[in-house]
Amino acid sequence: MPTLDICFSPELLPLFDLKGKVAVVVDVLRATSSIVTALASGVTHLVPFSELAECRAMVAQGYLTAAERDGRQAEGVDLGNSPFGYLDGVVPVRGRTVAITTTNGTRALHLSAAADEIVVGAFLNLGAVADYLRRLNKDVVVVCAGWKGHFCLEDTLFGGALAARLAEADGFDTTSSDATLAALDLWAAAAPDLAGYLLRSAHVRRLNSLEAHQDMDFCIREDEYHLVPVFRDGRIQ
Ligand code: 3SL
């Protein structure tokens, strides 16, 4: 029976053997939510970078650039890291390619390279990811992007929500990892009022101080999009 385990921070990845497994990389606030929204809005593919300079250099190849550091849009790029950047029409994105770099999310994608497959997860595409994993029927590790190596509630809650969906008579073992058990308990506690629960979280407080209040409400919507971005050969599509 395939297992679902959760890596609470990219710093813990050296403890995980991703070979033969599917990594579901999640940065609910906001990188993976923005990536899902970008593809749902007609972006053809995204190329994630760890370094700002590499991202900016992609302009020469016709890419739009999206970059965030410490929650703010970096200077001299087209988009920040809000999903609304792909929805509000200020920068037309349909049919375009996007080079993206964020503090934690794009780094977590690259650090998951040892996995057989790397999937981009968010609440926005939770059901689609669960369906996809059921079809693959392989061991799964949810890689939480966290914040600069620290544990984050919102990414762990996504892990719990995904485990809850896969545990529903689907033959996934969600009981043999303490991390998954903890995430399931956290999800059970938070799910009745996820927005209220997350108001206490460090990242929501950080976003609120940047006046990105509406981003959390959007990023915690479940099943808004039925698509599963996969990171392969340097591209997310
Ligand atoms: O760290 C990241 O990858 C970002 O998602 C952080 S922020 O939400 O843009 O502040």
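Analyst: **Ligand shell and interior**

Around the ligand lie D27, L29, R30, A31, E68, G71, N81, T102, T103, N104, G105 and A145, each with its C-beta atom, placed from the backbone, within 6 Å of the ligand. The model is predicted: local features need pLDDT of at least 70 and side-chain atom pairs pLDDT 80 or more, while totals for chains, interfaces and linings use all residues. Residue numbers start from 1 along each chain as its sequence is written.

The shell around the ligand comprises three nonpolar, six polar and three charged residues (Ala, Val, Leu, Ile, Met, Phe, Trp, Tyr, Cys and Pro are nonpolar, Asp, Glu, Lys and Arg charged, the others, including Gly, polar).

Strand 6 (residues 97-101) is largely enclosed by the rest of the structure, because four of its five residues are buried (20 or more other C-beta atoms within 10 Å of their own). Strand 3 (residues 45-49) pairs with strand 6 in the parallel sense over five bridges, with V47 opposite A99. Strand 4 (residues 64-69) also runs parallel to strand 6, over four bridges, and here T65 has A99 as its bridge partner. Pairing requires at least two DSSP bridges.

Beyond its neighbours within four places in sequence, L162 is in contact (C-beta atoms within 7 Å) with V24, G121, L126, V129, A130 and V142.

Conventions
Two residues are in contact if their C-beta atoms, placed from the backbone, lie within 7 Å. A residue is buried if 20 or more other C-beta atoms lie within 10 Å of its own, exposed if 12 or fewer, and partly exposed in between; C-beta atoms are placed from the backbone. Helices (H or I, at least four residues) and strands (E, at least two) are DSSP runs, numbered from the N terminus.
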